[in-house]
Amino acid sequence: MIRGDVSAPMVFTLSGVPSLATDALVHGGMDGAILGKHLSVVNSSEVNLSTLLRSYYLGTMEELDHDLSTHLRGRYRRENFKKITNLSLLQEKVADALHSHQQKGDLGVESLIEKGIKDFMLRYMECPAIIPRCMWGAAPPLVPLNPLSPPLPFLYIHHTAIPSKPCRSLQMCSKNMRAMQHFHQKGRGWYDIGYSFVVGSDGYIYEGRGWMSVGAHTKGHNTVGYGVAFIGNYTAHLPAQYDMELVHHHLVKCGVSNGFLQENFTILGHRQVVAGTECPGESLYSEITTWEHYKVCRMLNVEISKFNGGNTCHPNRHINL
């Protein structure tokens, strides 16, 4: 796909297998189900449809601070769609649609439906929404990035410190992503933005180097783990609860289910493996010590090719190092 003006065309390639059902199509269907259910139980004469749609798609996080109606916000569509459906219901609806063209009881079709629905639920109901590089306006890497060899054993938690304030809209988070990438490439001489993923305060995770490329986030350990950074400075306070849950409930589950993270992966703070940094901030670091898969871990500050004797990890308890 080629996009951009004539003088500076940009070429994008698909990051996965092409699908007849695009994310936009799937999200539209989920939104239709969520809004349709809402409209079915309210007095239609009291609903201004244009106001409802504007609020659903354009409502800001500042507005959400004063409004608990998160079931009517597009950024929460995955969680909300999950609340109104389940595996058996989705299989039943798909089967009904297909059986108008296929003979009912075809075991091959039934098997395909079951697998397809499980894949759908993983991608759109368990995995978080990840804003791709093309959407936040990423520049290309300066050179081709080295590939990773998943599944990896570690996930490292960071905060950006600069920008120090959380971003609360797609526009502001995208601007922050471009600024970080520019600094990493031009200021630090790295090939690309260093982080694997970045968490905004707008309800989304942003793709950095992603699941398949070696990052530049945790010196000496980039080939064995993913670096996930929260935009903001979390020395004195925490990110929003929802943003943290996106990482330690959804992103990691997605990583394990898709074969990017080992099932027994370890969560570490940046400060645990790189000397001289307070990252990810005192408050956020204290928080992640309560997360499942966190371990107090003493690691050699060298590149590690295997999860071996160079690590001394103790689950969920503090030791003197």
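Which residues lie nearest the centre of the second largest pocket? Among its 24 lining residues, these are Phe183, His184, Arg188, Trp190 and Tyr195. The model is predicted, so that local features need pLDDT of at least 70 and side-chain atom pairs count only at pLDDT 80 or more, while totals for chains, interfaces and linings use all residues. Residues are numbered from 1 along each chain as its sequence is written, and side-chain values use heavy atoms, with hydrogens and water left out.

**View 1. Lining of the second largest pocket.** The pocket (on a 1 Å grid over the protein atoms alone, an open set of points where a 1.4 Å probe fits, with protein on both sides within 12 Å along at least five of seven lines; lining residues have an atom within 4 Å of a point) holds about 520 Å³ of space. Helix α8 (170–187) gives the most to the lining, with five residues.

**View 2. Salt bridge between Asp31 and Arg77.** The closest N and O atoms are 2.8 Å apart, within the limit for a salt bridge (a side-chain nitrogen of Lys or Arg within 4 Å of a carboxyl oxygen of Asp or Glu). The pair links helix α1 to helix α4 (residues 77–83), 46 residues apart. Asp31, at 3% relative accessibility, and Arg77, at 11%, are both buried (under 20% relative accessible area, 1.4 Å probe, protein chains only).

**View 3. Salt bridge between Glu126 and Lys253.** Here the closest N and O atoms are 3.1 Å apart. Because Glu126 lies in helix α6 and Lys253 in helix α9 (residues 241–257), the pair ties together parts that are 127 residues apart in sequence. Lys82 is linked with both in a network of salt bridges.

Technical notes: Points joined across faces, edges and corners; volume = space filled by probe spheres on them. Helix = DSSP H or I, 4+ residues; strand = E, 2+ residues; numbered from the N terminus. Buried < 20%, exposed > 50% of the residue type's maximum accessible area, 1.4 Å probe, protein only.
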